[in-house]
Amino acid sequence: MRYLCLILVFISLPSIANNGEMPLEQQLAVRYIKALTDHDYKTLISFYNRESVFNDRTAGKKYTGKRHILSFLKRAHQGVLEYGFNIEHMFNSGSLVVMIGNYHYKGPGEQFGKPGKIIDLAIPGVTTVKLDMNTHRVKEHEDLMDYQTMADQLAIQ
């Protein structure tokens, strides 16, 4: 009988772990990334305030404040056919959430020096999001992207 109970405990442990939700910080970060990649500006507005920072460190671009961030995103997303972030690994330390994966982009090639072409890119990257869990706002979004891989992909398109 003791062995049967032990076996039942071991069988049920993975299902208990699977039913457990990810930390609230990670849930908020995933909702934010979904709004970002879906170009859902109405939802994105609720994630930013005047102190929010959007920093693409590898591209050397930094925007501060809701208005500037949204203006940048609208310009960057113009004409985009597909945009997504496949999160392969995610963890957090308190309100800092780290997401590692691949950004997928499909859209007009004008901004990449390829006018008249449709560009399809998969760019490895790390996105960190510092959150204010009291207000559910993004304090800082930082991207570190593998732009060498992007350049290699652009060279063959």
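How many residues lie between β3 and β4 in their hairpin, and which residue in the turn has a positive phi? Two residues lie between these strands, and G94 in the turn has a positive phi of about 65°. The model is a predicted one, in which local features need pLDDT of at least 70 and side-chain atom pairs count only at pLDDT 80 or more, while totals for chains, interfaces and linings use all residues. Residues are numbered from 1 along each chain as its sequence is written, and side-chain values use heavy atoms, with hydrogens and water left out.

The names of the elements follow one scheme: helices (H or I, at least four residues) and strands (E, at least two) are DSSP runs, numbered from the N terminus. Two strands pair if DSSP finds at least two bridges between them. Strands β3 and β4 run antiparallel and are joined by eleven bridges. One of the residues in this pairing is H89, whose bridge partner in β4 is I100.

A second hairpin is made by β1 and β2, with four residues between them. G60, in its turn, has a positive phi of about 70°. These strands also run antiparallel, with four bridges joining β1 to β2, which covers residues 61–64. F54 has Y63 as its bridge partner in β2, and N55 has K62. In a regular strand the side chains alternate between the two faces of the sheet.

Helix α2 has 14 residues and reaches 20 Å from its first C-alpha to its last, close to the 20 Å expected at 1.5 Å a residue. The expected span is 1.5 Å times one less than the number of residues. The buried residues of α2 are Q26, Q27, L28, A29, Y32, I33, A35, L36 and T37. Here buried means under 20% relative accessible area, exposed over 50%, and partly exposed in between (1.4 Å probe, protein chains only).

After α2 comes H39, in the loop between α2 and α3. Phi of H39 is near 60°, a positive value in a residue other than glycine. H39 counts as partly exposed because its relative accessible area is 22%. Another histidine, H136, has a positive phi of about 60° and is placed in the loop between β5 (118–132) and β6 (137–145). With a relative accessible area of 43%, H136 is partly exposed.

The aromatic rings are the next topic. Rings of Phe, Tyr and Trp (its six-membered ring) pair if their centres lie within 6.5 Å; planes under 30 degrees apart count as stacked, over 60 as edge-to-face and the rest as tilted. By this rule there are seven aromatic pairs. One of them joins Y32 and F47 edge-to-face, at 5.3 Å centre to centre and with 65° between the planes. This pair links distant parts of the chain, 15 residues apart: Y32 is in helix α2 (residues 24–37), and F47 is in the loop between α3 (41–45) and β1 (53–56). Y32 and F47 are both buried.

Y83 and Y103 form a stacked pair, at 6.1 Å centre to centre and with 20° between the planes. Y83 lies in strand β3 (residues 82–93) and Y103 in strand β4 (residues 96–108), 20 residues apart. Y83 is partly exposed because its relative accessible area is 23%, whereas Y103 counts as buried at 4% relative accessibility.

Ring pairs also link Y32, F47 and Y48 into a cluster. Elsewhere, K74 lies over the face of Y41, at 5.4 Å from the ring centre. A charge sits over a ring if NZ of Lys or CZ of Arg is within 6 Å of the ring centre and within 35 degrees of the ring normal.
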